[in-house]
Amino acid sequence: MMPPSVILMLIFFICCSTGGEIAMTYGMKQVGEPGSFRPKALLQFVGRAVGNGWVMFAVPLLAASFYSLLVLLSWAPLSVVIPASAFNYVVGTFGAKYLLREQVSPKRWMGVIMVCIGVTLVLLT
Amino acid sequence: MSHERRLRVKTLVMVLLMVVCANLGDLMLKRGMLQIGAVQITPSGIWLALLSTIHNATIWLGILFLLGFTFCYMTAVSWADYSYVMPAGAFGYAVQTMLAVVILHEVVTTRRWLGVVLIVVGVLLVGQTHPSTTGPKASS
């Protein structure tokens with residue numbers, strides 16, 4: 001049985017990681033894609049992204065997820081941390097479906113679950 | 001070129017750039033930290049490591065590649081679904097294993113190969129779905 005502190009940190013890591021990426025995607029959808037790939041248009045695109053509240057909200061969440069991962073790696077064995085980290089693919093897809101209103105077809109779900117298991121197998125060897 | 005084909009091509013290009021930048025960034029950081037040597041976990045050791053990383057060109061190159069990864073990721077999700085870009089980015093783990101075998105001649109376990117196959121098939125399945133399901137021209 002995992003100590004409650006590890007379980008709480010795992011929940012915190014998954015919430016920060018998925019929350020940060022969902023917020024980043026939501027913000028970038030508001031920013032819109034770059035008009036072209038010329039330097040001036042790309043600079044304007046970066047400027048719009050930096051000025052977006054959701055993108056700026058995502059940055060500390062992603063930083064917190066990075067540091068909580070480091071803490072988890074020092075608290076729990078790799079065999080616990082890596083599957084939890086790969087589980088982000090599944091939680092992220094739920095977030096995309098219910099928060100970002102993306103249409104996740106059964107084929108995409110199947111792909112996400114295969115990637116989740118595959119990443120766990122690759123990182124645990 | 002049709003709208004859907006154009007969307008697929010530019011998303012694929014961004015995901016490939018993400019994978020290249022992330023792998024090169026990690027490689028440069030690893031190489032830079034090997035040049036610096038093992039960090040001593042004492043206040044003076046950490047301060048010395050910080051100064052060494054600031055003056056190490058390979059570390060800066062690694063940071064530049066990781067910034068490139070962030071830029072490509074942000075650009076990709078500005079038009080494509082998060083649930084499309086996120087699993088597609090996992091293709092990098094498969095590329096890392098291929099590079100380890102081809103360049104470093106590492107021996108890869110059966111379990112890891114099984115993981116690579118699952119990632120590749122999973123990414124191919126996700127790749128067959130529509131990259132954007134929330135925009136005005138989205139279709140399921």
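Of the 140 residues in chain B, 34% are buried, where a buried residue has 20 or more other C-beta atoms within 10 Å of its own, an exposed one has 12 or fewer, and a partly exposed one falls in between, with C-beta atoms placed from the backbone. The model is predicted; local features need pLDDT of at least 70 and side-chain atom pairs count only at pLDDT 80 or more, whereas totals for chains, interfaces and linings use all residues. Residues are numbered from 1 along each chain as its sequence is written, and chains are lettered from A and ligands numbered from 1 in the order in which they are written.

The model has an ipTM of 0.88 and a pTM of 0.84. For chain B the mean pLDDT (the predictor's confidence in each residue, from 0 to 100) is 87, with 95% of its residues at 70 or more. Among the elements of chain B, the mean pLDDT is highest in helix 3 (residues 57-79), at 93, and lowest in helix 5 (residues 91-102), at 84.

Chain B contains six helices and zero strands, these elements being DSSP runs numbered from the N terminus (H or I, at least four residues, for helices; E, at least two, for strands). Along the sequence the pattern is α-α-α-α-α-α. The C-alpha atoms of chain B occupy a box of roughly 60 × 35 × 25 Å along the principal axes. The radius of gyration of chain B is 19 Å, whereas a compact globule of 140 residues would have one near 14 Å; the radius is taken over C-alpha atoms, and the globule rule is 2.2 Å times the number of residues to the power 0.38. Residues are in contact if their C-beta atoms, placed from the backbone, lie within 7 Å. Among contacts in chain B between residues at least 6 apart in sequence, 76% link residues at least 24 apart.

Helix 2 of chain B (residues 43-54) has 12 residues and spans 17 Å from its first C-alpha to its last, close to the expected 16 Å, which is 1.5 Å times one less than the number of residues. The number of buried residues in helix 2 of chain B is zero, so this helix lies largely in the open. Leu27(B), in helix 1 (residues 3-36) of chain B, is partly exposed, with 16 other C-beta atoms within 10 Å. The C-alpha atoms of Leu27(B) and Leu61(B) are 10.0 Å apart, although 34 residues separate the two along the chain.

A nonpolar core is a set of buried Ala, Val, Leu, Ile, Met, Phe, Trp, Tyr and Cys residues joined through C-beta atoms within 7 Å. The largest such core has 49 residues, and those touching the most other members are Val115(A), Val119(A), Met18(B), Ala76(B), Val77(B), Val85(B) and Ile119(B). Apart from this core lies another, of six residues, including Met9(A), Leu10(A), Phe13(A) and Cys16(A).

Between the chains, 34 residues of chain A contact 31 residues of chain B. On the chain A side, the elements giving two or more residues are helix 1 (4-31), helix 5 (88-98) and helix 6 (106-123). Helix 6 of chain A gives the most, with 12 residues.

Arg101(A) lies in the loop between helix 5 and helix 6 of chain A. Arg101(A) has a positive phi of about 60° although it is not a glycine, and counts as exposed, with 9 C-beta neighbours inside 10 Å.

Technical notes:
Two residues are in contact if their C-beta atoms, placed from the backbone, lie within 7 Å.
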